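Q: I'm new to reading protein structures. Could we go through one together, feature by feature?

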Amino acid sequence: HYKKENITFDAIFVGYLGNVDVIDSVIYFISQFPDTKVILDPIMGDHGKYYSNFDGSYGTSMRRLLPYSDVILPNLTSGVSIGTNSIDSSMQEEYQITGNHRNVLHLCEELRKMGAKDIIITSVPKDDCKKGIVLYEDDAFLYIGNGEVLKEFHGAGDAFDGMVLARL
């Protein structure tokens, strides 16, 4: 219908999908607009745990969207789920950035091999900062943190996604 009506988009944002059954439909829709920038936030968990309706198979299925996405915006849990196919409670420590950021850099490289282009990972801990951001673009790796986050707010990831989308 969109094609028939000559409707175009500046960008397509893909967020919470809820189940694997809609991934084929999303891929089909995106493929109809090959010149449109696609931003993906593969929302599936937080704090090293899947949301109750997801497991590793959802992360594996979400990988299929990576080659279609210009920018991916996973939090650390979702990024690890897609990049390694498993998450557990020890991942926060394993992906803590200290003097050595090899694990997170390796995760970005794995996501790139799966088709991701530019990567912004949120909720990455570093030393005393619990919620930093990793930017990975053109093989450049940058960590941004501003101290400890004292509270969490539902919808903060949605607001962040909206700001990134607006900027792009």
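Q: At what angle do helix H3 and helix H5 pack, and how far apart are their axes?

A: Keep in mind that this is a predicted model. In general, two packed helices are described by the angle between their axes and the distance between the axes. Here, H3 (residues 76-84) and H5 (residues 102-113) pack at about 55 degrees, and their axes are 9 Å apart. That makes H3 oblique to H5.

Q: What is the handedness of the crossing of H3 and H5?

A: H3 and H5 cross in the left-handed sense.

Q: Okay, on to the sheet. What is the order of its strands?

A: The general idea: strands of a sheet pair through backbone hydrogen bonds, either parallel or antiparallel. In this model, 6 strands make an open sheet in the order E1-E2-E5-E6-E7-E8, and the pairing is mixed. Strand E1 (11-14) and E8 are at the edges with a single partner strand each, so one side of each has no neighbour in the sheet.

Q: In which sense do E5 and E6 pair, parallel or antiparallel?

A: Strand E5 (residues 71-72) pairs with strand E6 (residues 118-126) in the parallel sense, over 2 bridges. If you want a spot to look at, find Ile-72, which stands opposite Ile-119 in E6.

Q: And in which sense do E7 and E8 pair?

A: That pairing is antiparallel: strand E7 (residues 129-137) and strand E8 (residues 140-144) are joined over 5 bridges. Glu-137 stands opposite Ala-140 in E8.

Q: How many residues lie between the strands in the hairpin of E7 and E8?

A: There are 2 residues between them, and in this hairpin Asp-138 takes a positive phi near 50 degrees.

Q: Now the rings. How many aromatic pairs are there?

A: A pair of aromatic rings is described by the distance of the centres and the angle of the planes. With centres within 6.5 Å as the cut-off, the count is 7 aromatic pairs. Take Phe-54 and Tyr-58: their ring centres are 4.0 Å apart and their planes are at 20 degrees, so this pair is stacked.

Q: Are Phe-54 and Tyr-58 buried or exposed?

A: The cut-off for buried is under 20% relative accessible area. Phe-54 has 8%, so Phe-54 is buried. Tyr-58 has 3% relative accessibility, so Tyr-58 counts as buried too.

Q: Which residues form an aromatic cluster?

A: Look for Tyr-2, Phe-9, Phe-29 and Phe-33, which form one cluster. While you're there, check Lys-3: it lies over the face of Phe-33, at 5.6 Å from the ring centre.

How values were computed: Residues are numbered from 1 along each chain as its sequence is written. This is a predicted model: local features need pLDDT of at least 70, side-chain atom pairs count only at pLDDT 80 or more; totals for chains, interfaces and linings use all residues. Side-chain values use heavy atoms; hydrogens and water are left out. Two strands pair if DSSP finds at least two bridges between them. Helices (H or I, at least four residues) and strands (E, at least two) are DSSP runs, numbered from the N terminus. Rings of Phe, Tyr and Trp (its six-membered ring) pair if their centres lie within 6.5 Å; planes under 30 degrees apart count as stacked, over 60 as edge-to-face and the rest as tilted. Buried means under 20% relative accessible area, exposed over 50%, partly exposed in between (1.4 Å probe, protein chains only). A charge sits over a ring if NZ of Lys or CZ of Arg is within 6 Å of the ring centre and within 35 degrees of the ring normal. Axes are lines fitted to C-alpha atoms, for helices over the stretch in contact, and angles run from 0 to 180 degrees between N-to-C directions. Angles under 35 degrees count as roughly parallel, over 145 as roughly antiparallel, 65 to 115 as roughly perpendicular and the rest as oblique. A crossing is left-handed if the near helix is turned anticlockwise from the far one by less than a right angle, and right-handed if clockwise.
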